[in-house]
Amino acid sequence: MTPKVATILSAREWEPDLVAAAQSSARVRLVGRIYRPDEIASMDLDVVVVGAETSWVSPARIRAWRRAGIRVVGVYPHGDHPARKLLRDSGADEILADNTPPEVILRHIRAMPTIRPQPGGQGKLVVIGGARGAPGRTEIAVSLAAAWGSDSRLLLVDLDQDAPAIAIRLGLAPRPDIVDLVDAPRTTGRIESADWPTFGPITVVPGSHRSNSERLSVGRLDEFLDVALTSFEVVVVDTPPQIGEMEPIFKRAHHAVLVSEASVSGLVRAARMVADWAGPPPALVLNRHTGPADESIRAARKWTGLDPAAVVKEHPRIRASARNARPPDRILVKSLDGLAVPR
């Protein structure tokens, strides 16, 4: 079988030379040239060729690719022993100097056996979005995680670095938070859930209330999700109230949920977010609904262009569960039955 190969774009000569050789050879099938890490998730690959000079190619990412069934060929600058050691310690399958002739690299790729994805290598990423105005995004994220967590190994991550709410909602200690936890898998390439905060069956990564100087870049968060998706069957992320810099994470999601308050102002804000949406079309949840459901559903279709997947009525028991750090009320959980466990 002809291996499907992608290279990671590099300014060094080895990468365009290898691409040219692959395009004129029947040894491999060149699938693409990768600029951003999220592109790999959307490709059907057997082998990825990476240069040690690429800043976002880390040990955690290489291990995540291998657990997903992708072989890794690492290319390092000739004579750069630290770069060679980095690739070796990261677990790259083949490590070659950048003065290796492209035809030789292709022969190495052709001779590499295929590997099966390891358990947990097929995790699904679900983003929970919602516009400004407190539409109840966090409560919906917690409720879906609680419902899905009984059937799947699930990680709930708070990515809101302005007003994180999951730890408060679940009654968890403020530390460890995402800043403490995001680096833990960088060396092992795995998330050991026994060492992390939990809420019932859910493993939780609380958000951070730290200063702006300690904010995590979207690149660091994206790298963390690479590892999370090989360690859990489902990863649910509660996002900030705007897409903005989180666009790469929205784009790589397998499923998305948009939470809107079932009011005129809530639907207008949601419509603005839909206009900027990136990634898979979201399932719309109308939250805190009062009055006739048909009117809210018609308004949602008019303003957002989406058919609501769930309508959640305003109820004091739902608010009481949230205020007292209890599991989501069954009224809310039942309202979300239409959003199936991601497969």
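Colleague: Over how many bridges do strand β4 (residues 71–76) and β5 pair in the parallel sense?
Modeller: This is a predicted model, in which local features need pLDDT of at least 70 and side-chain atom pairs count only at pLDDT 80 or more, while totals for chains, interfaces and linings use all residues. Residues are numbered from 1 along each chain as its sequence is written, and side-chain values use heavy atoms, with hydrogens and water left out. Helices (H or I, at least four residues) and strands (E, at least two) are DSSP runs numbered from the N terminus, and two strands pair if DSSP finds at least two bridges between them. Gly74 has Ile95 of β5 as its bridge partner, and the parallel pairing of β4 with β5 runs over 4 bridges.

Colleague: What is the average twist from one strand to the next in the open sheet of 5 strands?
Modeller: The strands of this open sheet follow the order β2-β1-β3-β4-β5, with parallel pairing. Because β2 (29–34) and β5 (94–97) stand at the edges with a single partner strand each, one side of each is left without a neighbour in the sheet. From one strand to the next, the twist averages 20 degrees.

Colleague: What angle does helix α3 (residues 59–67) make with β4?
Modeller: Axes are lines fitted to C-alpha atoms, for helices over the stretch in contact (heavy atoms within 4.5 Å), and angles run from 0 to 180 degrees between N-to-C directions. Helix α1 (residues 14–23) lies across β1 (4–8), β2, β3 (47–51) and β4, running at about 155 degrees to β2. Helix α3 also packs on the sheet, where it touches β1, β3 and β4, and its direction makes with that of β4 an angle of about 150 degrees.

Colleague: How many of the 7 residues of strand β6 (residues 124–130) are buried?
Modeller: Strand β6 pairs in the parallel sense over 5 bridges with strand β10 (residues 234–238), where Lys124 stands opposite Val234. Another parallel pairing over 5 bridges joins β6 to strand β11 (residues 255–261), with Gly130 opposite Val259. Buried means under 20% relative accessible area, exposed over 50%, and partly exposed in between (1.4 Å probe, protein chains only). Strand β6 is largely enclosed by the rest of the structure, because the number of its residues that are buried is 6 of the 7.

Colleague: How many charged residues are in the lining of the second largest pocket?
Modeller: The second largest pocket has a volume of about 500 Å³, and among its 26 lining residues the closest to its centre are Gly136, Arg137, Glu139, Arg288 and Ala322. At least two lining residues come from each of α6 (137–149), α7 (166–170), β12 (283–289), β13 (308–313) and α14 (316–323). Ala, Val, Leu, Ile, Met, Phe, Trp, Tyr, Cys and Pro count as nonpolar, Asp, Glu, Lys and Arg as charged, and the others, Gly among them, as polar. By class, the lining holds 12 nonpolar and 5 polar residues, and the number of charged ones is 9.

Colleague: What is the relative accessibility of Arg288?
Modeller: Arg288 is found in strand β12 and has a positive phi of about 55 degrees although it is not a glycine. Arg288 counts as partly exposed, because its relative accessibility is 32%.

Colleague: In which loop does Ala325 lie?
Modeller: Ala325 is not a glycine, yet its phi is positive at about 55 degrees. With a relative accessible area of 25%, Ala325 is partly exposed. Its position is the loop between α14 and α15 (330–335).

Notes: On a 1 Å grid over the protein atoms alone, a cavity is a set of points where a 1.4 Å probe fits but cannot get out, and a pocket is an open set with protein on both sides within 12 Å along at least five of seven lines; lining residues have an atom within 4 Å of a point. Grid points are joined across faces, edges and corners, and a volume is the space filled by probe spheres set on the points.
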